[in-house]
Amino acid sequence: SPPEAAALRTLLSAKVVWASPLTRALQTALVAMQPLLGADDGGGVPLELKPNAREKKNMGGRDTIGLVVGDECGARARKLLGDLAPRSNASAADDATTSVAYDAIDIFHSEVEQTWWNTSTESKREVQARIREMLYQIEHCPHDTIVLVGHSHFFRAMFARFLHPDVERRSSELAQRLSQDVLPNCGVACCQLDFTR
C-alpha cells in the first residue's frame with residue numbers, strides 16, 4: 001500500500017541505526033537492518049548502542065539485565081547469531097560469509113562502556129526519565145531519520161506518555177494499540193516527532 005511503501009522508503013533513508021544493547025535487540029538490528037548497515041560491503045550507516053532504549057526492568061525480568069559492556073555487546077550478539085545459523089545444509093564457506101557479513105558492521109559502543117543496566121526493578125518515574133533522555137538524544141541528533149531498535153515495554157511507555165492528542169482524536173484504536181498492546185517481535189512503528197509542540 002502507498003503508506004507502507006512511504007514508511008519503507010523513510011526507513012531505508014535513515015542515516016543511523018540505534019539499538020538497545022540487550023543482545024536480542026542488537027541481533028534484530030544486525031539481521032533486519034543489514035541493507036542499511038552495509039553488511040555486505042561494510043559501507044553502511046553507523047549502528048550505535050543506546051542504553052536508554054533498553055527494556056524496562058520488571059520484577060524478576062532476568063532478560064532485561066545486561067551481561068557484558070563495551071565491544072563485548074557486539075561480540076556476544078554476533079557469536080550468538082553465528083550459533084543460530086543453520087548448520088545442516090550450510091557449507092563452511094556459507095558460515096564464514098555470514099560471520100564476515102556481521103563482522104563488517106561497525107557497532108559503536110561508547111555509551112555502554114560501563115554497566116548500563118538496572119539490577120533492581122525500575123519505577124515508572126525512572127523509565128519516563130530514561131525515555132525523556134532518549135527523546136532528548138533524538139532531538140539533538142544531526143540526522144533527520146533514525147531507526148531505533150528496542151523493546152515493547154519501552155515503546156508502549158513512550159507512546160502512553162508522549163503520543164500527541166491528535167493521534168487519539170484521529171484514531172483512538174491506533175492510540176490504544178500503540179500505548180497498550182505488545183509490539184510484536186520485529187514489529188515496526190514509523191513515527192514523526194515534533195519537538196516544537
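A pocket is an open set of grid points where a 1.4 Å probe fits, with protein on both sides within 12 Å along at least five of seven lines. In this predicted model, the second largest pocket has a volume of about 1,000 Å³. The largest pocket has a volume of about 1,400 Å³. A search of the whole structure finds zero disulfides.

**Confidence**

- The mean pLDDT of the chain is 86.
- A score of at least 70 is reached by 88% of the residues.
- Strand 2 has the highest mean pLDDT among the elements of the chain, at 97.
- Helix 5 (residues 92-103) has the lowest, at 56.

**The sheet**

- Strands of a sheet pair through backbone hydrogen bonds, either parallel or antiparallel.
- Strand 1 (residues 16-19) is joined to strand 2 (residues 47-49) by three bridges.
- Strand 1 is joined to strand 4 by four bridges.
- Val17 has a bridge partner in strand 2, Leu47, and another in strand 4, Val147.
- Ala19 has Leu49 as its bridge partner in strand 2.

**Side chains of strand 1**

- In a regular strand the side chains alternate between the two faces of the sheet.
- Val16 and Trp18 point one way from strand 1.
- Val17 and Ala19 point the other way.
- These four residues are all buried.

**The largest pocket**

- Rolling a probe the size of a water molecule over the atoms shows where empty space is left.
- The lining of the largest pocket consists of 44 residues.
- Val147, Leu148, Phe155, Val188 and Ala189 lie nearest the centre of this pocket.
- The elements giving two or more residues to its lining are helix 1 (2-12), helix 2 (23-32), helix 6 (124-139), strand 4 (146-149) and helix 7 (152-162).
- Helix 1 supplies the largest share, seven residues.
- By class, the lining of the largest pocket has 29 nonpolar, ten polar and five charged residues.

- Helix 7, helix 8 (165-170) and helix 9 (172-180) each give two or more residues to its lining.
- Helix 7 gives the most, with seven residues.
- The lining of the second largest pocket divides into 18 nonpolar, five polar and eight charged residues.
- Helix 7 is also listed among the elements that give two or more residues to the lining of the largest pocket.

**Cysteines**

- Why is Cys141 classed as buried? Its relative accessible area is 14%, and the class takes values under 20%.
- Why is Cys191 classed as partly exposed? Its relative accessible area is 39%, and that class lies between 20% and 50%.
- Cys191 is in no disulfide. The nearest cysteine sulfur, that of Cys190, is 6.7 Å away, whereas a disulfide needs two cysteine sulfur atoms within 2.5 Å.

How values were computed. Residues are numbered from 1 along each chain as its sequence is written. This is a predicted model: local features need pLDDT of at least 70, side-chain atom pairs count only at pLDDT 80 or more; totals for chains, interfaces and linings use all residues. Side-chain values use heavy atoms; hydrogens and water are left out. Buried means under 20% relative accessible area, exposed over 50%, partly exposed in between (1.4 Å probe, protein chains only). On a 1 Å grid over the protein atoms alone, a cavity is a set of points where a 1.4 Å probe fits but cannot get out, and a pocket is an open set with protein on both sides within 12 Å along at least five of seven lines; lining residues have an atom within 4 Å of a point. Grid points are joined across faces, edges and corners, and a volume is the space filled by probe spheres set on the points. Ala, Val, Leu, Ile, Met, Phe, Trp, Tyr, Cys and Pro count as nonpolar, Asp, Glu, Lys and Arg as charged, and the others, Gly among them, as polar. Two strands pair if DSSP finds at least two bridges between them. pLDDT is the predictor's confidence in each residue, from 0 to 100.
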